[in-house]
Amino acid sequence: MKFTDGYWRKRDGITVLHPAHVVDSSTAPDSLTVYAATKPVRGRGDTLNAPLITVTLAAPAPDVIRVTIDHFQGSVAQFPNFSITSSPVDVAVDAVSLTSGALTARFSDGEHWGLDFLVDGKRITGSGWKGMGVVDTLAGEHFVHEQLDIGVGETVYGLGERFGPLVKNGQSIDVWNEDGGTSSEQAYKNVPFYLTTGGYGVLVDHPGKVSFEVASEMVSRTQFSVAGQSLSYLIIHGPTPADVIRKYTALTGRPALPPAWSFGLWLTTSFTTSYDEDTVNTFIDGMAERDLPLSVFHFDTFWMREFSWCDFEWDTRTFPDPPGMLKRLAGRGLKVCLWINPYIAQRSALFAEGREKGYLVKRANGDVFQWDLWQAGMGLVDFTNPEARAWYSDKLRVLVEMGVDAFKSDFGERVPTDVVWHDGSDPERMHNYYTQIYNQVVFDVLRSAKGEGEAVLFARSATVGGQQFPVHWGGDNSSTYESMAESLRGGLSLMSSGFGFWSHDIGGFEGMPDPAVFKRWIAFGLLSSHSRLHGSTSYRVPWNFDDESSDVLRSFTHLKYSLMPYLFGAAREAHETGLPVMRPMVLGFPGDPAVNYLDRQYLLGGDLLVAPVFSTAGEVSYYLPAGRWTSFLTGDVIEGPRWVDEVHGFGSVPLLVRPGAAIPVGARVDRPDYDYRDGVTLRLFEPPANGTQTVTVPGPAEAETVFSVQWHGETVRVERAGAELPWNVQLGTTVTEVPATENSCTLTTE
């Protein structure tokens with residue numbers, strides 16, 4: 001929200017109080033509170049009719065400082081609130097400053113207002129004159145805003161899944177979940193967190209609507225504002241963007257580790273298409289006949305009867321034997337996913353039950369909230385009611401016991417604000433937060449039934465903390481190159497917001513993609529953390545496009561499965577540290593300013609660079625940072641830093657290996673879940689003159705094999721820690737087989 005009319009004036013009907021003079025402060029062992037008058041106080045008379053703004057500093061974790069700005073403190077406490085984990089920290093406090101780890105927040109003493117954030121004495125950002133403000137409007141609305149300085153050349157990322165430019169400078173963004181597709185300013189996954197190349201990140205601790213003006217009102221500042229009389233935010237020191245992500249996810253939660261099978265190829269019925277068990281088997285048979293290894297089959301909305309979503313009952317007109325069908329699919333080695341949402345149509349038998357028991361969200365007069373959007377007369381499950389959560393969970397548990405392995409937890413954005421919640425939650429704060437409870441309920445059902453490491457969702461909506469319940473997909477895109485590019489921007493923006501796993505509809509959701517679009521999207525989709533073929537009104541089996549589509553899908557599916565030792569290692573890293581599997585280039589190369597605006601390429605894990613092709617002719621341009629990069633597919637070496645222009649056929653894509661990388665390659669291409677250690681090949685690329693690198697190859701459960709790669713001039717020595725499995729080492733084009741009884745080898749580079 002913008003409050004100013006140019007630099008000097010406020011907008012009509014708006015008055016703003018700004019802290020101007022620190023008149024007093026108080027300290028505690030772990031906090032500092034300052035009392036700031038909104039005008040200089042030079043005598044007793046200046047204390048009359050003089051508002052005070054109270055600013056409190058605290059340290060929830062090392063290198064993290066919370067800032068709370070209060071005007072009136074008599075308001076009733078509102079909830080829900082984000083779950084933020086504190087950790088022990090040594091805090092140093094004096095009358096004007098608080099230090100947490102390497103980060104210090106320091107107020108200007110006396111009449112010259114300012115709040116600076118410093119690392120080792122260097123200012124990384126701060127709130128200067130008129131940065132903080134308490135706003136009143138003629139309509140009786142109240143807001144609090146803060147403005148943090150943006151340095152010259154500093155770029156801003158995050159704020160959830162946003163489909164516009166990856167760099168947020170110059171944008172006005174409202175954090176408010178909407179079902180708006182992928183081609184607008186709206187987003188399904190809104191996260192009031194951003195990070196910058198200035199060495200820090202910011203989390204606004206407000207689960208409701210937060211308005212951001214990123215160099216779009218005050219062009220040298222990021223402003224954020226919330227309704228009410230109080231605002232709280234956390235400054236997180238990096239120093240790198242990757243460090244900020246690690247520390248942010250330590251506060252808000254790190255992703256669960258998805259099961260290995262979920263990284264395989266998913267095929268769906270699509271949305272409004274006609275299907276039954278015979279149709280499903282035709283798809284599965286067709287994939288098998290073409291050597292297209294499938295891991296998951298997904299049943300979309302019409303597994304239930306029309307006008308009945310959700311009653312969690314199979315439409316027996318189409319599926320007369322659901323338990324038998326699920327058993328037959330499992331016998332073919334397939335996992336099964338079902339579409340669900342948190343809305344209960346009036347025709348559903350669950351509506352009457354939910355109404356009678358108070359499980360549906362109500363209006364102030366006690367009526368059940370209903371409308372006809374999406375499903376006729378639908379109500380909304382009130383997940384703030386523990387009994388409603390248990391009721392909903394029980395319905396899902398029946399399906400899991402029947403043989404269902406995963407749920408696509410769709411929707412969760414259309415949450416009204418003119419309602420009353422069972423637990424008294426504030427409707428404005430619950431609008432975005434609803435998805436957090438919804439997805440947790442679904443995830444917990446799977447986790448309790450399947451065990452740790454076996455639960456996975458395909459979720460659309462999210463907010464802060466939603467990264468704990470993977471996987472998320474990008475929503476309703478279109479079947480065009482432009483939508484393919486906007487999907488990637490949305491994913492990279494989400495990855496910049498603490499989410500570790502992400503997917504998208506290969507070929508686009510709306511419309512029937514041109515075969516060229518479909519084939520280009522296949523490469524992008526299979527080089528994403530999760531890969532799903534899905535559409536709206538048409539089937540997404542490759543033979544519906546052209547013969548080459550099956551060849552392209554086979555090639556990239558085999559490639560992904562062979563890369564699973566590397567990808568599952570990246571997945572474990574996401575689970576343990578919060579660093580996403582798919583990464584904006586700025587996370588991997590924070591010292592190279594040329595990567596800051598790149599949104600048509602990404603890192604897959606720490607060592608592979610992917611540049612999807614967004615043209616039928618195969619023309620693609622991408623940037624390589626410094627060093628000798630190697631094409632994973634051809635072995636060609638390209639020296640960076642430079643821009644590269646290439647032309648690729650449908651069976652190829654720029655897939656470059658970082659200099660000095662050791663990539664473990666698996667021995668199987670028929671499935672994603674196997675013992676990655678068995679027959680693994682270690683591919684070594686552009687070794688440095690000297691150095692040691694550790695490569696961990698994950699195995700089943702917690703098992704793993706660790707390799708030590710030691711570079712000494714022209715000699716490479718590889719040692720394996722105590723494994724009894726066969727393995728290979730590949731240097732350039734030379735493959736050396738090492739018997740299972742040996743644990744080390746020495747190679748001479750060519």
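Q: Which residue stands opposite isoleucine 173 in β19?
A: This is a predicted model: local features need pLDDT of at least 70, side-chain atom pairs count only at pLDDT 80 or more, and totals for chains, interfaces and linings use all residues. Residues are numbered from 1 along each chain as its sequence is written, and side-chain values use heavy atoms, without hydrogens and water. Strands are DSSP runs (E, at least two residues), numbered from the N terminus; β16 (residues 171-175) and β19 pair in the antiparallel sense over five bridges, where pairing takes at least two DSSP bridges. Opposite isoleucine 173 stands phenylalanine 212.

Q: How many of the five residues of β19 are buried?
A: In a regular strand, side chains alternate between the two faces of the sheet. On β19, Val210, Phe212 and Val214 cover one side, Ser211 and Glu213 the other. Buried means under 20% relative accessible area (1.4 Å probe, protein chains only). The strand is largely enclosed by the rest of the structure, because the buried residues number five of the five.

Q: Which residue in β20 stands opposite serine 211?
A: β19 and β20 run antiparallel, joined by four bridges. Their hairpin has six residues between the strands, and alanine 215 takes a positive phi near 55°. Opposite serine 211 stands serine 225.

Q: Which residue in β24 is the bridge partner of phenylalanine 299?
A: β23 (residues 296-299) and β24 (residues 335-340) pair in the parallel sense over four bridges. In β24, the partner of phenylalanine 299 is leucine 338.

Methods:
Buried means under 20% relative accessible area, exposed over 50%, partly exposed in between (1.4 Å probe, protein chains only).
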